[in-house]
Amino acid sequence: MICNTAFDVDLADRYYIGMMSGTSLDALDAVLCDFDGDTPKIIATHSKPFCNKLRAILLALCTPNGTAPLAVGEFDRFSELDFWGLASRLYGEFASEIVNELIAKTDLTSDDITAIGCHGQTVRHRPNWRFSLQLLDPNILAERTGVTVVSDFRRRDMAVGGQGAPLVPAFHQAMFGQANDKSDSQIVILNLGGIANITVLNDALDDNVAGYDTGVANLLMDGWINRHQGASHDKYGNWAKSGAVDFALLDKLMNHPFLMQSAPKSTGREAFNMAWLDGVLMNMNIEPVDVQATLCEFSALSASIEIAKFAKTNNTLYVCGGGAYNTHLLTRLAHYLPTFDIHTTDAVGISPTWVEAVAFAWLARQNILMQTANLPAITGANKDVVLGVVCFG
């Protein structure tokens, strides 16, 4: 059972760093948190975009056999395993730079930091086969920062029958659970990264929590606008807003098999990717801007259908992740969820940008304190376990 009093433990080791790069692969985010209180306090934040070389390798590794086009010139005769090893090293070096720059923003030193929780970059997630791969060499991160690193959070849950995802509902429960102590109230946290996932705090003080991936969020929209306009994302959803939804395309998108699955469930680029989208669009003559509008509608509708299942008399939806800044996407969510008051997590004191990074600082702390951090009802695991592997600084 998860310890909901973890924030109340009086320990000198109060400073933790959390790091996260999501499915969108836009940047690596880091936060330095102080856990000397009821809730974690963010001391400093830092974020840097991936260099083109590392991002290209990571994106290629996310697609089975996707590295073949890169195996030329500098990478002549490289196999997928070669790219896997290189990306792990480069990610560790990049994460080390970010941590050292983050600490330099404060009056603290590396000796003050108890641990870094670093998720690494997921390049393959196969819950049906009980494995998940996150690229990171924690040895490099620990050596170059002098700080203990906790990583590899998913696989212990998988070892006891879980899907290893989603990981953040336990943090949401600890962070926001006490706000939902009325039987007629519902609080849902929606994370809009590359993939969308929800945490439902059903009378969370009694540990009645639900959560799972609902489908795609920004992943396809980002890929589509990058292909047609060279932009990394659709700022505020303005391009999608200027188009018209194609309902024939929307129907085809909504027939994705993942959406028909029952929870517990989790997904990623293996199921939702540009190759899949191209197959759906085959023989459909649709203007690119209307495809973008439909992709935004797809993200809003697929998430809303799942969120609506948990509606009570008084409903609140808190949105985090990069999609929280997509104004048009939030408007479409409000259209489909008229009984929900919708806010970003700014309303509860934490910027949507940093929620997941703070979650990994919390997960690292749970590991150091030997506290469990998976929720079997959500991941499908057969017992509670401590998550993560430690590499001492």
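Start by selecting R14 and D34 in this predicted model: the two form a salt bridge, with their closest N and O atoms 2.6 Å apart. Color the chain along its length and you will see that R14 sits in the segment before β1 (15-20), while D34 belongs to strand β2 (residues 27-34), 20 residues apart. D34 is buried, because its relative accessible area of 8% falls under the 20% cut-off. R14, at 25%, is partly exposed.

Next, move to R227 and D278, whose side chains meet in a salt bridge at 2.8 Å, N to O. R227 is partly exposed at 42% relative accessibility, and D278 is partly exposed at 31%. For another stop, pick R155 and D152, also in a salt bridge at 2.8 Å. The structure holds 12 salt bridges.

Now zoom out and color domain 1 (15-151) and domain 2 (168-348) separately. Their centres, taken over C-alpha atoms, are 25 Å apart. Where they touch, 11 residues of domain 1 contact 11 residues of domain 2, and about 890 Å² is buried between the two domains. Select T23, S24 and H125 in domain 1: these lose the most area to domain 2, together 52% of what that side buries.

Which kinds of pairs cross this interface? The rule finds 0 salt bridges but 3 residue pairs in polar contact. Finish on strand β5 (residues 121-126), which gives the most to domain 1's side, with 4 residues.

Conventions
Residues numbered from 1 in each chain as written. Predicted model: local features only at pLDDT ≥ 70, side-chain atom pairs only at ≥ 80, totals over all residues. Heavy atoms only, no water. Domains from an automatic or database assignment. Contact = heavy atoms within 4.5 Å. Buried area = accessible area lost by both parts, 1.4 Å probe. Salt bridge = Lys/Arg side-chain N within 4 Å of Asp/Glu carboxyl O. Polar contact = N/O pair within 3.5 Å; in protein donor to acceptor, adjacent residues only side chain to side chain. Helix = DSSP H or I, 4+ residues; strand = E, 2+ residues; numbered from the N terminus. Buried < 20%, exposed > 50% of the residue type's maximum accessible area, 1.4 Å probe, protein only.
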